[in-house]
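Student: Could we go through this structure together? I would like to start with the overall arrangement and then look at single residues.

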Number of protein chains: 2
Amino acid sequence: MPPYRLHSFCQSGNAYKVALYLNCSGIAWEPVEVDFFGGEARKSDWRDSMNKMGEVPVLEADGRRLTQSGAILTWLAERHGNFAPANADERYEALRWMLFDNHKFTSNYAVRRFLKCFAPNAPDPAVLAFLMQRIEAAFALTDKHLASQPFIIGKRPTIADFSLAGYIYYPEDETGVDLARAYPAIHAWSERMKSLPGWKHPYDLLPGRYIAPAR
Amino acid sequence: MPPYRLHSFCQSGNAYKVALYLNCSGIAWEPVEVDFFGGEARKSDWRDSMNKMGEVPVLEADGRRLTQSGAILTWLAERHGNFAPANADERYEALRWMLFDNHKFTSNYAVRRFLKCFAPNAPDPAVLAFLMQRIEAAFALTDKHLASQPFIIGKRPTIADFSLAGYIYYPEDETGVDLARAYPAIHAWSERMKSLPGWKHPYDLLPGRYIAPAR
């Protein structure tokens, strides 16, 4: 089987979710850099051939192009077994947390970081404050959850952990959140994930150059 | 089997996703009103017994309490077969669109409506404008998609359609979007969904009183 090809760039925590899963699973993959900040994913031919949602990551597998990190993780776990939920109840829990991740955990955290660090125009402070409020609600709830169990759905890491871990290793000057101080249980969980064989920081795992935060 | 009990209220499009699925499937269910605006879902005993994410809907089924509309829809379709994806490829597509729904389609649309209509304090206009920009990107992409096929993943409605349909029947004075004018393909799809036996408007299907938009 040829290695998976992951269209990605190092600022995308959504691409990192899949890259980290593959790396920690020991599955062969290679990155294909997307020039996101150069507008590649907004071009209509990229959208037509890669992903009409205009989003990274795209995983090339058996001639197919798979998109949406949560769906890709589910597909990979079903195929390879690594970090797969063990039964129907665990599958439910993993799906529940991946939906929550997309709805409230990753989403606002990623968007706020993008506006703060990479958007061409300075964002409205009211928008940053609004997003921080939403982040705080989702992170407080997740911190409480992770204070009672080591991983998202129980005692061992599953695809749900890779989903929620997408953006948590980016530094505080990008995210505006000091995880260790504000959310100690999330921080402790992020350290547990870090100890998995194959773990790498997104800036070491994915292609593209580092960009200093604009603000 | 006793009927499902759906903890819900009529302003929650996320509850409506599940209620509409059950109603259009001819599956017995009964609503249990949640006094969301009275703060019931923020109380710690409600969170502890119902849903620690503090979210509606909660579906009581066989003594279990299931949460997250997308996970509930997946569980119901696996159990009853109605509106289920037909094979592995369709399951992938349905999951992909339900994640997109949570990430970008329902989420910003629902939050903006909440701030505009039901939040105690008037929201910052910059926040409303920011959310509208995000809504427009997600809706334009979905409109283009639905111009090429009648339902979200193909020729017949599946759980993905019920997920994206959560908030689309709320009136323009709540959402700030004239669907028929701005997104004709989404509007045409919403009319196709309306013609399903069992379809009802959220204000007729779910418990609670109508609240006029505050702004």
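Student: Before that, what kind of model is it, and how are things labelled?

Tutor: This is a predicted model, in which local features need pLDDT of at least 70, side-chain atom pairs count only at pLDDT 80 or more, and totals for chains, interfaces and linings use all residues. Residues are numbered from 1 along each chain as its sequence is written, while chains are lettered from A and ligands numbered from 1 in the order in which they are written.

Student: What rotation superposes chain B on chain A?

Tutor: A rotation of 180° does so, with 0.0 Å of shift along its axis and an RMSD of 0.0 Å. That is the relation of a two-fold axis. The same surface serves both copies, as 100% of the contact residues of chain B recur in chain A. The superposition is by least squares on the C-alpha atoms of residues with pLDDT of at least 70 in both copies.

Student: How many residues does each chain give to the contact?

Tutor: Chain B gives 22 residues and chain A gives 22 residues. Two residues are in contact if their C-beta atoms, placed from the backbone, lie within 7 Å.

Student: And which elements of chain B give two or more residues to that side?

Tutor: They are helix 3 (69-80), helix 4 (88-117) and helix 5 (125-148) of chain B. Helix 4 of chain B supplies the largest share, eight residues. Helices (H or I, at least four residues) and strands (E, at least two) are DSSP runs, numbered from the N terminus.

Student: How do the residues on that side of chain B divide by class?

Tutor: There are eleven nonpolar, eight polar and three charged residues on the side of chain B that touches chain A. Here Ala, Val, Leu, Ile, Met, Phe, Trp, Tyr, Cys and Pro count as nonpolar, Asp, Glu, Lys and Arg as charged, and the others, Gly among them, as polar.

Student: Let us change topic. What does the domain assignment give for chain A?

Tutor: It gives domain 1 (4-83 + 199-205) and domain 2 (88-194); such bounds come from an automatic or database domain assignment. The C-alpha centres of these two domains of chain A lie 19 Å apart. In their contact, 17 residues of domain 1 of chain A meet 17 residues of domain 2 of chain A.

Student: Which helix gives the most on the domain 1 side?

Tutor: Helix 1 of chain A gives the most to the side of domain 1 that touches domain 2, with six residues. By class, that side of domain 1 of chain A has nine nonpolar, seven polar and one charged residues.

Student: Now the helices. How do helix 5 and helix 9 of chain B cross?

Tutor: Their axes come within 7 Å and cross at roughly 60°, helix 9 of chain B being residues 184-194. Axes are lines fitted to C-alpha atoms, for helices over the stretch in contact, and angles run from 0 to 180 degrees between N-to-C directions. The crossing of helix 5 and helix 9 of chain B is left-handed, a term used if the near helix is turned anticlockwise from the far one by less than a right angle, with right-handed used if clockwise.

Student: Which residues meet there?

Tutor: Phe139(B), Thr142(B), Asp143(B), Leu146(B) and Ala147(B) in helix 5 of chain B meet Ala185(B), Ile186(B) and Trp189(B) in helix 9 of chain B. By class, this contact between helix 5 and helix 9 of chain B has six nonpolar residues, one polar and one charged.

Student: What about the backbone? Which residues does a cis peptide bond join in chain A?

Tutor: It joins Val56(A) and Pro57(A), with omega about 10°. Pro57(A) lies in the loop between helix 2 (44-49) and strand 3 (58-61) of chain A. In chain B, a cis peptide bond joins Val56(B) and Pro57(B), again with omega about 10°. Most residues other than glycine have a negative phi, and most peptide bonds are trans.

Student: What is the phi of Phe83(A)?

Tutor: Phe83(A) has a positive phi of about 55° although it is not a glycine. Its place is in the loop between helix 3 and helix 4 of chain A.

Student: Is Ser107(A) buried or exposed?

Tutor: Ser107(A) is buried, with 24 other C-beta atoms within 10 Å. A residue is buried if 20 or more other C-beta atoms lie within 10 Å of its own, exposed if 12 or fewer, and partly exposed in between, with C-beta atoms placed from the backbone. Ser107(A) lies in helix 4 of chain A and, not counting residues up to four places away in sequence, touches Asn102(A), His103(B) and Ser107(B).
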